[in-house]
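Could you walk me through this structure step by step, in plain words? I'd like to know how its parts are put together and what holds them in contact.

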Amino acid sequence: MAEALAAVLNYVGGAWQAAGTDGGLALTNPATGESLGLSGSGGAAEIGAAVAAAQRAFPAWRATPVGDRIQFLFKLKVLLDLHIDELARLVTIENGKTLGEARGEIRRGIENVEVACGMPVLMQGYSLEDIAPGIDEIMVRQPLGVVGIITPFNFPLMIPLWFLPYAIATGNTVVLKPSDRVPFAVQRLVELVAETGLPAGVVNLVQGGKPAVDALLDHPDVRAISFVGSTPVAQYVYTRGSANGKRVQCQGGAKNHVVVLPDAEQETTTKIIADSAFGCAGQRCLAVSVTVTVGEAQGWFRERITAAATSLKVGDGLDESVQMGPVITAASQERIAGLIARGESHGAKAIVGTGAVSGNFIAPTVLDGLPAASDLMETEIFGPVLSLVHAETVEEAIAMIDRSAYGNASSIFTQSGASARRFRNAVSTGNVGVNIGVPAPMAYFPFSGWKGSFFGVMHAQGRDAVEFFTDKKVIVERWPKEWSRKF
Ligand code: NAD
């Protein structure tokens with residue numbers, strides 16, 4: 001039975017409006033193939049109206065004391081906690097991940113709301129008296145104005161929440177443009193934002209794809225852009241937004257490696273790496289894509305990981321016993337199957353688990369013995385596919401990671417402190433795990449991709465978000481003693 005979903009709507013200046021769907025994407029439930037309708041196809045007109053509403057709301061919102069601004073976030077946290085199961089269900093229906101994974105992403109999103117509630121402390125400036133006789137210097141942080149947030153399909157709720165709470169707590173107003181592949185859960189999120197009583201125009205939602213992105217990038221009243229998505233689009237958004245004089249932060253794609261040393265604890269290492277590779281059907285920017293076994297780890301790891309891959313229960317994520325869901329679209333499924341075949345044609349052996357029969361399923365797959373020269377070593381597969389390669393030493397593994405154009409995350413599994421320390425010090429990725437499969441920074445740390453996985457200076461979350469969403473103003477003051485009245 002098809003689930004009844006709300007019509008796709010925009011939220012502009014505190015009013016819900018039908019989102020145009022002409023030329024929108026045909027959306028389907030990835031697990032069942034059932035139609036979910038058409039995505040929104042907003043463009044310059046819708047973005048123009050949303051930016052104008054955000055611009056109108058800005059002066060009063062900026063003047064609202066930060067202690068009052070965060071009251072809306074405290075309410076939002078409570079509403080998100082209350083509605084977590086309903087939101088998770090929407091995520092599973094439109095994205096395909098399991099209910100457990102959907103709840104997990106919402107919890108990580110809520111953490112960002114909680115951290116942004118600390119804004120009265122986080123956005124403080126600093127000051128120094130008597131930088132010269134009778135002269136004081138003060139730095140204050142002020143909001144930028146209207147900011148645009150553009151997000152991908154794979155975390156429909158968590159990624160908007162990497163930015164939105166910080167943007168509004170610091171006094172900015174927002175135009176959110178989520179992925180057109182997953183419009184439903186985020187629309188419910190914005191309904192809950194509205195339920196907090198937030199003044200009209202502080203948060204606006206426009207459903208659409210590239211035309212909406214381009215309109216945000218070109219709009220003269222948009223001061224900053226936060227983007228998460230694939231590397232080619234991240235680079236495009238960074239270049240066009242910067243050329244238009246905006247502050248831009250873009251998190252891009254990934255090709256993550258984990259290194260397994262012979263002394264790694266075999267059972268937990270395998271379990272953690274299987275979760276990292278196959279969780280969310282491999283559609284996580286922190287998913288491991290390549291495991292580099294060092295020395296004797298090759299034998300035991302290959303045997304154990306193939307057993308783990310072939311034993312996973314794959315199916316519709318709404319079934320609580322399912323461990324892995326489908327990939328987002330039939331086109332994705334076809335692309336990933338083609339990449340597996342390419343890996344085999346390069347000499348790798350594909351060990352394949354069981355997939356579900358209908359929907360966009362790819363069975364968990366281990367590509368054993370992919371040659372270092374294969375272009376798949378540099379291709380973001382973004383599906384449940386783990387390549388196994390081998391190195392003789394940790395240094396060789398670090399050099400392999402160094403050659404990657406991406407730098408989102410890497411991990412090492414070992415019981416040797418010295419090897420772990422060498423790895424975390426030398427490796428060229430911005431997020432690093434030691435005996436951790438998905439080194440996702442908590443909300444109070446920056447999400448730190450490097451190289452082709454990030455364009456910009458300030459990352460998402462925590463103090464970086466406060467820096468990104470504020471301008472520093474420095475005031476130098478002189479109040480000569482002789483001007484003081486004698487009271
Ligand atoms: P995507 O790049 O296709 O889309 C991201 C956003 O850009 C969406 O809002 C989309 O509507 C818009 N968009 C798409 N094509 C565009 C174009 N040509 N011009 C302008 N805008 C465009 O990404 P996706 O497929 O939704 O998400 C998966 C990708 O995101 C993967 O590469 C994954 O690694 C990456 N990702 C990165 C992180 C990170 O933190 N580094 C986190 C999550 C996902």
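Q283 sits in the loop between α10 (266-278) and β13 (288-294); helices here are DSSP runs of H or I with at least four residues, strands are runs of E with at least two, and both are numbered from the N terminus. Is Q283 buried or exposed? At 4% relative accessibility, Q283 counts as buried, where buried means under 20% relative accessible area, exposed means over 50%, and partly exposed is in between (1.4 Å probe, protein chains only). Its side chain reaches the backbone nitrogen of I328 at 3.0 Å. Leaving aside neighbours within four places in sequence, Q283 is in contact with F153, N154, F155, P326, V327, I328 and F382, contact being heavy atoms within 4.5 Å.

Before going on, keep in mind that this is a predicted model, where local features need pLDDT of at least 70 and side-chain atom pairs count only at pLDDT 80 or more, while totals for chains, interfaces and linings use all residues. Residues are numbered from 1 along each chain as its sequence is written, and side-chain values use heavy atoms, with hydrogens and water left out.

Now hop over to N95, which is found in helix α3. N95 is buried too, at 3% relative accessibility. Setting aside neighbours within four places in sequence, N95 is in contact with P30, F153, N154, P156, V182 and I328. A polar atom of the N95 side chain also lies 3.0 Å from the backbone nitrogen of K97.

Helix α3 holds V91 as well, and V91 is buried at 0% relative accessibility. Not counting residues up to four places away in sequence, V91 touches G96, K97, A102, E105, P156, L157 and A185. V91 also shows how a chain can fold back on itself: V91 and F184 are 93 residues apart in sequence, yet their C-alpha atoms are 7.8 Å apart in space.

Let's zoom out to the domains. The chain is divided into domain 1 (3-252 + 453-474) and domain 2 (256-434), with bounds that come from an automatic or database domain assignment. Taken over C-alpha atoms, the centres of domain 1 and domain 2 are separated by 31 Å. Where they meet, the contact takes 21 residues from domain 1 and 25 residues from domain 2.

How do you put a number on an interface like that? The size of an interface is often given as the accessible area lost when the parts come together. Between domain 1 and domain 2, the buried area is about 1,900 Å², and carbon and sulfur atoms give 60% of it. Buried area here is the accessible area (1.4 Å probe) that two parts lose on being put together, summed over both.

What links the domains across that interface? The count between domain 1 and domain 2 is one salt bridge, meaning a side-chain nitrogen of Lys or Arg within 4 Å of a carboxyl oxygen of Asp or Glu. The side chains of R103 and E320 meet in a salt bridge at 2.7 Å, N to O.

On the side of domain 1 that touches domain 2, α3 (84-95) and α4 (99-116) each supply at least two residues. Helix α3 gives the most to that side, with five residues. That side's residues divide into seven nonpolar, eight polar and six charged. For this sorting, Ala, Val, Leu, Ile, Met, Phe, Trp, Tyr, Cys and Pro count as nonpolar, Asp, Glu, Lys and Arg as charged, and the others, Gly among them, as polar.

Finally, the salt bridges: the count comes to 20. One of them joins K77 and E114 at 2.9 Å, N to O. K77 lies in helix α2 (residues 66-82) and E114 in helix α4, so the pair ties together parts that are 37 residues apart in sequence. E105 forms another with K97, the closest N and O atoms being 2.7 Å apart, and both of these residues are buried.

Notes: A polar contact is a pair of N or O atoms within 3.5 Å; within protein, one must be able to donate a hydrogen and the other to accept it, and residues adjacent in sequence count only if both atoms are side-chain atoms.
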